[in-house]
Amino acid sequence: MWYHKPVVNKELLQSLPNLRIVASSGVGIDHLDLNLLSSFGVKVSNTPFIVSTDTADLGMALMLASSRRLVEGYEMAVSPDTEYFPADWLGAEVSGATLGIVGMGTIGYKVAERAKAFEMKILYHNRSQRKKEEESAVGAVYCKKIDDLLQQSDFVLLAVNLTPQTHKLIGKRELELMKPTATLINISRGLVVDQDALVEALQNKVIKAAALDVTYPEPLPRDHPLLKLKNVIITPHIGSATKKTRRIMMEEMTESIQAGIAGLPIPHEVL
């Protein structure tokens, strides 16, 4: 499966009686009905670890691009109508700012490692607290309640898996808890955020900006209000989109398929 295609539903499984394994690219498996697949005796694999570094890099890139208004700046610099650069055209500081990471798994932790180099204050919210030595290595402080993180952070970065518990985790209430100067960065899944509430928050300056590598649907309809807002950066779900990583993802998927066909233990099997 690549970009969640083909759609694995009951009809497909019934039409493929010899199917042994579904190898899915990337980390997320929210597009798969694991119980349905198991009932047909079909195993599942993904490629969870190889995407982490590139996705963390993109999270930092989105933070920097949004805070320093790179897209707007580029448009100004190349516009045929530009006669001068205004002196009061300003961005926001990243160095020394507070970053709140929601989801401190492999990707979230790699973001924290990068943020440490920017001398950022790092807060994180997770299902469970990480080991003290892991926290100390990046200078991260655990927030048991997500509300505490939202209220204190200049940047809120989402790096959680999409589950029933994280579906629309960030909605109207959560956005209103954030600082009016804060930026929301989403490198997880679009449905982790209530998109209608986000549009309203951005339009009404409840928060300052958003930088999104994921939306729902993907791509957005061309008349969607998010595409018309100056304080939004959207990229086309490219967290893992580097040549090296995509090649390794393909290799890992192939290894899992070969193991599944041969009846051997499957690398990165999703249980």
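**Notes on a predicted two-domain chain**

1. Let's start with the overall layout: the protein chain is divided into domain 1 (10-49 + 242-262) and domain 2 (52-83 + 90-234), with bounds that come from an automatic or database domain assignment. The C-alpha centres of domain 1 and domain 2 lie 30 Å apart. Seven residues from domain 1 and six residues from domain 2 make the contact, where contact means heavy atoms within 4.5 Å.

2. A word on the ground rules: this is a predicted model, in which local features need pLDDT of at least 70 and side-chain atom pairs count only at pLDDT 80 or more, while totals for chains, interfaces and linings use all residues. Residues are numbered from 1 along each chain as its sequence is written, and side-chain values use heavy atoms, with hydrogens and water left out.

3. Now the sheet. Seven strands form an open sheet with parallel pairing, in the order E5-E4-E3-E6-E7-E8-E9. Strand E5 (140-142) and strand E9 (232-234) each have a single partner strand and stand at the edges, so one side of each is left without a neighbour in the sheet. From one strand to the next, the twist averages 15 degrees. As for terms, helices (H or I, at least four residues) and strands (E, at least two) are DSSP runs numbered from the N terminus, and two strands pair if DSSP finds at least two bridges between them.

4. Two strand pairs are worth a look. Strand E3 (residues 98-102) and strand E4 (residues 121-125) pair in the parallel sense over five bridges, and Ile 101 stands opposite Tyr 124 in E4. Helix H5 (residues 106-117) packs on the sheet, touching E3, E4 and strand E6 (155-158), and its direction makes about 170 degrees with that of E3. Axes here are lines fitted to C-alpha atoms, for helices over the stretch in contact, and angles run from 0 to 180 degrees between N-to-C directions. E6 and E7 also pair in the parallel sense, over four bridges, with Leu 158 opposite Asn 186 in E7.

5. Strand E7 (residues 183-186) is covered on both faces: Thr 183 and Ile 185 on one side, and Leu 184 and Asn 186 on the other, are all buried. Buried means under 20% relative accessible area, exposed over 50% and partly exposed in between, with a 1.4 Å probe and protein chains only.

6. How many aromatic pairs are there? The count comes to one aromatic pair, using the rule that rings of Phe, Tyr and Trp (its six-membered ring) pair if their centres lie within 6.5 Å, with planes under 30 degrees apart counted as stacked, over 60 as edge-to-face and the rest as tilted. The rings of Tyr 124 and Tyr 142 have centres 5.2 Å apart and planes at 50 degrees, so the pair is tilted. The pair links distant parts of the chain, with Tyr 124 in strand E4 and Tyr 142 in strand E5, 18 residues apart. Tyr 124 counts as buried at 1% relative accessibility, whereas Tyr 142 is partly exposed, with a relative accessible area of 21%.

7. On to helix H3 (residues 52-67): its 16 residues reach 23 Å from first C-alpha to last, close to the 22 Å expected at 1.5 Å a residue. That expected span is 1.5 Å times one less than the number of residues. H3 is mostly covered, with twelve of its 16 residues buried; among them are Asp 54, Leu 58 and Leu 62. Just after H3, Arg 69 takes a positive phi of about 55 degrees.

8. Thr 235, in the loop between E9 and helix H10 (243-262), is buried with a relative accessible area of 18%. Not counting residues up to four places away in sequence, Thr 235 touches Leu 58, Leu 62, Leu 212, Asp 213 and Val 214. Thr 245 is in helix H10 and counts as buried at 6% relative accessibility. Leaving aside its neighbours within four places in sequence, Thr 245 is in contact with Ile 50, Val 51, Asp 54 and Ser 240.

9. Finally, Val 270 lies in the segment after H10 and is buried, with a relative accessible area of 17%. Beyond its neighbours within four places in sequence, Val 270 is in contact with Ile 29, Leu 34, Val 44, Ser 45 and Asn 46.
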